[in-house]
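The sequence and the structure are shown first.

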Amino acid sequence: MPSFRDSKLKAHNRNPRSAICNLKFLVSALCLVTLLACARVPVTGRRTLNLISESQINQTSFQQYGNFLKEHQVVTGTAESRMVADVGGRIQKAVEKYMLENNLQDKIAGYEWEYNLVADEQVNAFCMPGGKVVFYQGIMPVCQDENGVAVVMGHEVAHAIAEHGNERMSQGLIVQFGGAALSQALAEKPQQAQQLAMAAFGAGTSVGVLLPYSRLHESEADHLGLIFMAMAGYNPEGAVAFWKRMAQKSEG
């Protein structure tokens, strides 16, 4: 004989209103989580989904940055390395000025700025969350001069200020780890999570479905980067010539 509980469960399962209510509840809960996790990009105001706290994303970034430097030859004491550091410092001051003037200084409170040139012929550069910058030697001839370095520096720093790394890492956690927390992903699948982090921060190759920075992110970084380099006293019109050289170098 069916129990009272079984009868209630059957009645519940036969009740479409109950199922609809449950679905509405789940949708509402997801919307609430999404709303609470939303952030806005400085300057553009675009909403982004950031599931990871700034302190946690920075901690992960600093660890991965340290590992990267151990695995690569850092160039010091050269004119090029000094140029990267000098331009980085000027862009940093421009960013800090902009954030202070717009009451956004808390967003970079945990930054530990650092600028390094590595001995690698890749035509590339990146900035991890928290202001950790790397220039490859291969991009320096394309930059040609200090203003060219500022184009790249402004663009890469803008990726960090716009929290593109957090956004991409959040997407990766949802797709590859079913929405697991970053700490859980690092504990259960450390190698996969670290690879995901490097790719999300623009410092690695594609991992799984995580592709290189999208057109949206690149355009946004261009927008912010030009503002930051202009505030730092560089000529943003130099970006046109730089990207033409970059296109030629990469065969279009």
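In this predicted model, Asn103 has a relative accessibility of 67%, and because the threshold for exposure is over 50%, the residue counts as exposed. Asn103 is placed in the loop between α4 and β4, and its phi is positive, at about 55°, although the residue is not a glycine. Most residues other than glycine have a negative phi.

Glu163 also has a positive phi without being a glycine, here of about 60°. Glu163 lies in the loop between α6 and α7 (164-177), but with a relative accessible area of 13% it is buried. A further loop residue, Asn50, is found between β2 (47-49) and α3; with a relative accessible area of 9%, Asn50 is buried, and its side chain is joined to that of Thr48 by a polar contact of 3.4 Å.

| Residue | Relative accessible area | State |
|---|---|---|
| Asn103 | 67% | exposed |
| Glu163 | 13% | buried |
| Asn50 | 9% | buried |
| Ser55 | 56% | exposed |

**Helix α3**

Helix α3 covers residues 54-70, and its 17 residues should span 24 Å at 1.5 Å a residue, which agrees with the 24 Å that separates its end C-alpha atoms. Which residues of α3 are buried? They are Ile57, Asn58, Thr60, Ser61, Gln64, Tyr65, Phe68 and Leu69. Seen down the axis of α3, these buried residues fall within an arc of 165°, so they line one face of the helix. An α-helix has 3.6 residues a turn, so residues three or four places apart point the same way.

The face of α3 turned away from the buried side carries the exposed residues Ser55, Gln59 and Lys70. The side chain of Ser55 makes a polar contact of 3.3 Å with the side chain of Ser53. Along the chain, Ser55 and Tyr111 are 56 residues apart, whereas their C-alpha atoms are separated by 9.4 Å.

**The sheet**

Four strands, in the order β3-β4-β6-β5, form an open sheet whose pairing is mixed. The edges are taken by β3 (74-75) and β5 (125-128), each of which has a single partner strand, so one side of each is left without a neighbour in the sheet. α3 packs on this sheet, where it touches β3, β4, β5 and β6 (132-136), and its direction makes about 30° with that of β6.

The pairing of β3 with strand β4 (residues 114-118) is antiparallel and runs over two bridges. In these bridges Val74 has Val118 of β4 as its partner, while Val75 is partnered by Leu117, also in β4. β4 and β6, by contrast, pair in the parallel sense over five bridges, and here Leu117 stands opposite Phe135 in β6. β4 is mostly covered, with four of its five residues buried.

**Helix α4**

Helix α4 (residues 79-101) lies across β3, β4 and β6, and runs at about 155° to β4. Its 23 residues should span 33 Å at 1.5 Å a residue, and the distance of 33 Å between its end C-alpha atoms agrees with this. The buried residues of α4 are Ser81, Val84, Val87, Gly88, Ile91, Gln92, Ala94, Val95, Tyr98 and Met99. What covers these residues includes the strands β3, β4 and β6 together with the helices α5 (140-143), α6 (146-161) and α10 (215-231). Asn103, with its positive phi near 55°, follows α4.

**The chain as a whole**

The secondary structure of the protein chain comes to eleven helices and six strands. Of its 252 residues, 42% count as buried. Among contacts between residues at least 6 apart in sequence, 67% join residues that are at least 24 apart.

Key
Residues numbered from 1 in each chain as written. Predicted model: local features only at pLDDT ≥ 70, side-chain atom pairs only at ≥ 80, totals over all residues. Heavy atoms only, no water. Expected span 1.5 Å × (residues − 1). Buried < 20%, exposed > 50% of the residue type's maximum accessible area, 1.4 Å probe, protein only. Arc of directions from axis to C-beta. Pairing = 2+ DSSP bridges. Contact = heavy atoms within 4.5 Å. Axes fitted to C-alpha atoms, helices over the stretch in contact; angles between N-to-C directions. Polar contact = N/O pair within 3.5 Å; in protein donor to acceptor, adjacent residues only side chain to side chain.
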